[in-house]
Amino acid sequence: MYTIIAKTPLSHNVSRMEILAPPVARKALPGQFVILRAMEHSERIPLTVHDVNTQSGTVSMVYQVVGAGTRELDSLKAGDSLHDFVGPLGMPTRTEGLQKVCVIGGGVGCASAYPVARSLHEQGCQVHTIAGFRSREFVILEEEFSRVSDLLKVMTDDGSYGEHGMVTDALRALIEAGHRYDQVIAIGPLVMMKFVSLLTKEHGIKTVVSMNPIMVDGTGMCGGCRLTVGGQIKFACVDGPDFDGHQVDFDEVISRSRMYEEFEKREREENCRLFRQEVQ
Amino acid sequence: MERNMSLHKVPMPSQDPQERIGNFQEVALGYTQEMAMQEAARCLSCRHRPCVEGCPVRIDIPGFISQIARGNMEEAYLILNRDSALPAVCGRVCPQESQCEQKCVRAVKGEAVAIGRLERYAADWYRHSACEVPPRPQPNGHKVAVVGAGPGGLTAAGELARMGYAVTVFEALHLPGGVLSYGIPEFRLPKDIVMDEVEALRRLGVEIRLNTVIGKTLTVDELLQRFEAVFIASGAGLPRFMGIPGETLKGVYSANEYLTRINLMKAYQEDASTPVMRGHHVAVVGGGNVAMDAARCARRLGAQEVSIVYRRSMKELPARQEEVHHAQEEGIIFRMLTNPVRVLGDDKGWVRGLECVRMTLGEPDATGRRRPVEQPGSNHELSADVVIIAIGTSSNPLIRLTTPGLETDRRGGIVVTGPEGLTSRDRVYAGGDVVTGSATVIQAMGAGKDAARAIDRMIRAGQAPDETMI
Ligand SMILES: Cc1cc2nc3c(=O)[nH]c(=O)nc-3n(C[C@H](O)[C@H](O)[C@H](O)COP(=O)(O)OP(=O)(O)OC[C@H]3O[C@@H](n4cnc5c(N)ncnc54)[C@H](O)[C@@H]3O)c2cc1C
Ligand SMILES: Cc1cc2nc3c(=O)[nH]c(=O)nc-3n(C[C@H](O)[C@H](O)[C@H](O)COP(=O)(O)OP(=O)(O)OC[C@H]3O[C@@H](n4cnc5c(N)ncnc54)[C@H](O)[C@@H]3O)c2cc1C
Ligand code: SF4
Ligand code: SF4
Ligand code: FES
């Protein structure tokens with residue numbers, strides 16, 4: 001059993017959860033993820049490691065409630081336990097030897113981008129961060145980012161907070177202002193990572209993206225997380241989740257991520273119905 | 001006792017094909033005591049015991065069968081259990097026709113003695129009878145780690161625990177059993193049986209640490225600091241794909257993913273939280289047990305048409321005969337000498353079919369099987385809304401990449417120096433599919449058993465138990 005030490009809401013549908021799991025805490029590095037199951041019959045949900053505390057043996061993740069599985073997770077509170085928790089999985093993000101990096105986070109992807117930015121910052125790398133959100137009420141981790149960034153731009157799609165526009169607008173502006181990055185690291189919705197990669201390709205800036213295809217085991221057994229990178233099949237859970245953004249076939253990943261749309265919709269409705277019954 | 005000279009095995013009662021394609025309950029229902037005794041009476045108790053030679057773990061076959069013939073079921077079970085930790089499993093899933101039963105003298109004229117069915121009978125009898133729980137063995141003060149809770153790892157753990165070792169099994173998934181849990185479906189191997197066997201190991205004192213990936217959560221070197229030996233039985237690894245266009249379309253699965261969703265995550269149950277696509281026309285590429293299991297699952301999930309697409313002929317199908325037979329009864333179509341060259345998709349990225357070519361069999365290749373050769377101009381389309389690829393596996397890199405000095409072969413499989421499973425690393429042993437590539441349950445068990453004995457010898461030859469380890 002893996003005890004929930006703390007649960008903190010960050011915005012109206014995003015929360016941080018801290019889990020007691022000393023063996024995972026000892027090993028987890030930025031860019032890696034865990035897979036958890038809230039209850040005995042739950043789905044396996046992959047979530048990026050947001051923070052670890054090796055002293056207390058805890059691991060934190062930030063999750064957004066998007067469907068039945070994450071809603072079930074969200075129904076638990078501090079003091080409860082998760083049924084299963086395994087990790088750290090995947091390869092850590094490579095941060096060594098970089099001098100100047102632009103870290104881009106989109107929505108809940110900012111939670112995964114933060115440990116990368118912090119690790120770069122701690123290694124003396126110059127960090128520019130662009131954090132994009134739909135609107136004001138979705139903004140998370142602004143203060144955390146400001147502490148580890150030499151420059152922080154918060155963007156909202158509707159201009160209700162920070163600057164008006166997409167993360168690619170901010171990136172283009174920075175590049176045009178003459179900033180030369182060794183690398184861009186983008187973590188967020190697939191469409192965002194796709195457009196960041198298209199932009200950086202034009203400018204010849206190496207770009208690393210963190211892919212989150214649908215996964216089952218997360219150990220390289222099922223092949224469900226496969227994607228095409230540079231014309232070759234790769235498994236995101238063992239070869240990634242980080243890949244060269246200029247090599248990833250985004251359209252294919254985007255299409256595959258919709259494989260269970262119908263099922264997910266049904267589950268979500270079913271789940272809401274049960275939820276309403278409980279409340280009544 | 002009257003010998004039964006019938007040329008045929010006592011038939012196995014089984015669920016009616018029309019009925020069973022609507023459920024996931026076990027297909028073969030098992031012998032009654034009367035049937036078992038009648039079948040046991042077909043064994044001639046041959047002096048030279050050819051059948052035993054065919055069994056990878058050398059079960060005393062005439063020995064246990066003659067006990068069944070006399071109605072001594074507990075004795076029969078105890079004989080089986082001397083050489084096999086999981087007789088209820090092997091009796092169900094061993095490819096008997098190419099192992100023990102292949103060597104049976106009764107097969108010269110007529111059918112072999114139904115060794116597998118009798119093994120299953122004795123094991124099930126034991127499971128259902130309240131027999132005494134064997135006493136917990138006296139601890140010997142030594143600790144051994146096992147990686148992977150599949151048949152190889154569980155067998156090694158059981159052997160070592162019975163010798164008094166404190167054994168910890170590290171398993172990546174949230175359930176033990178390996179392929180027995182996530183691969184082989186309920187209708188062929190009820191999961192209760194696997195869980196009962198695991199429970200029996202826990203009663204022996206074996207600790208099973210789930211949700212622990214060796215190479216990630218802990219490394220082999222870290223295990224070596226806490227344990228005197230490590231046995232790696234992490235299984236066959238990553239699924240292989242064909243490398244043809246369209247394999248990433250929506251609706252294309254590897255058999256591992258498809259079966260894991262169904263078996264491990266219970267996607268066949270109405271209220272499951274993990275989805276699986278239920279197609280109307282399902283094409284399964286491959287001809288082994290894995291392909292049969294996937295095809296038969298698809299049928300049970302409601303597909304109207306399920307076909308096996310295989311590039312050789314019926315004769316070369318590597319699957320167990322019984323599975324092929326059951327699949328045929330269930331209406332699975334066998335498209336032999338057919339090879340896919342492209343997965344076809346629609347404009348929304350969903351699979352809509354397979355483009356295939358016909359094959360003919362040419363000269364025998366290195367494996368002795370005739371090599372399939374493409375017939376030019378034979379391209380044709382097969383419609384399918386789900387395609388499942390079951391063409392084998394290649395090795396998983398997690399342990400290889402994190403264990404310096406561990407020698408692996410060209411395929412990435414762990415190299416062992418002999419039948420006992422010692423690897424190029426001191427105190428590290430390996431066995432089962434991770435060494436041989438996809439093989440059989442009983443071979444993995446045999447490897448687990450051999451390694452357990454070798455580990456015991458190695459540890460006993462070493463120094464007295466370290467006090468801190470007790
Ligand atoms: C390596 C990795 C890291 C991730 N990190 C985070 C994170 O830090 N925070 C966060 O909020 N989310 C993260 N995700 C996404 C998260 O796993 C999914 O949002 C979650 O599984 C959705 O489950 P659901 O049942 O609530 O939603 P559903 O209704 O089932 O699905 C909603 C969406 O989630 C995707 N999804 C569904 N099941 C899975 C699955 N098993 N694996 C991956 N995606 C799935 C679907 O494509 C769909 O777009 C990560 C995914 C991966 C693969
Ligand atoms: C669908 C299917 C049907 C089959 N049907 C038959 C049949 O009818 N008859 C037959 O004899 N054989 C059959 N086989 C083959 C047989 O199941 C295997 O040969 C056998 O299970 C191998 O046993 P194993 O112990 O080596 O590995 P596995 O059973 O694969 O077990 C390995 C275990 O190790 C775990 N693991 C892997 N990596 C790690 C890690 N890094 N850290 C911790 N744990 C790890 C895995 O999660 C798994 O639980 C079938 C296989 C499949 C896939
Ligand atoms: S273990 Fe398998 S091969 Fe050996 S006797 Fe039993 S069924 Fe035959
Ligand atoms: S070869 Fe056949 S008949 Fe002879 S002992 Fe073995 S099972 Fe019995
Ligand atoms: S999630 Fe199964 S192989 Fe990656």
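Visitor: How far from an oxygen atom of ligand 1 does a polar side-chain atom of Glu264(A) lie?
Guide: This is a predicted model. A polar contact requires a pair of N or O atoms within 3.5 Å. For the polar side-chain atom of Glu264(A) and an oxygen atom of ligand 1, the distance is 3.4 Å.

Visitor: What share of the accessible area of ligand 1 does the protein cover?
Guide: On its own, ligand 1 has 850 Å² of accessible area. The part of this area that the protein covers is 86%.

Visitor: Which element gives the largest share of the shell around ligand 1?
Guide: The elements of chain A that give two or more residues to this shell are α2 (68-74), α9 (261-279), β5 (58-64) and β4 (45-53). The largest share amounts to 4 residues, and the element that supplies them is β4(A).

Visitor: Which residue has a backbone N or O atom 2.6 Å from an oxygen atom of ligand 1?
Guide: Of the 24 residues that surround ligand 1, the closest include Gly69(A) and Pro46(A). A polar backbone atom of Gly69(A) is 2.8 Å from an oxygen atom of the ligand. The residue at 2.6 Å is Pro46(A).

Visitor: Which side chains meet in a salt bridge between chain B and chain A?
Guide: The interface brings 41 residues of chain B into contact with 40 residues of chain A. Across it, the rule finds 1 salt bridge. With a distance of 2.6 Å from N to O, the side chains that meet are those of Glu222(B) and Lys27(A).

Note on methods:
Residues numbered from 1 in each chain as written. Chains lettered and ligands numbered in written order. Predicted model: local features only at pLDDT ≥ 70, side-chain atom pairs only at ≥ 80, totals over all residues. Heavy atoms only, no water. Near = heavy atom within 4 Å. Polar contact = N/O pair within 3.5 Å; in protein donor to acceptor, adjacent residues only side chain to side chain. Areas by Shrake-Rupley, 256 points an atom, 1.4 Å probe, with all protein chains shown as cover. Contact = heavy atoms within 4.5 Å. Salt bridge = Lys/Arg side-chain N within 4 Å of Asp/Glu carboxyl O.
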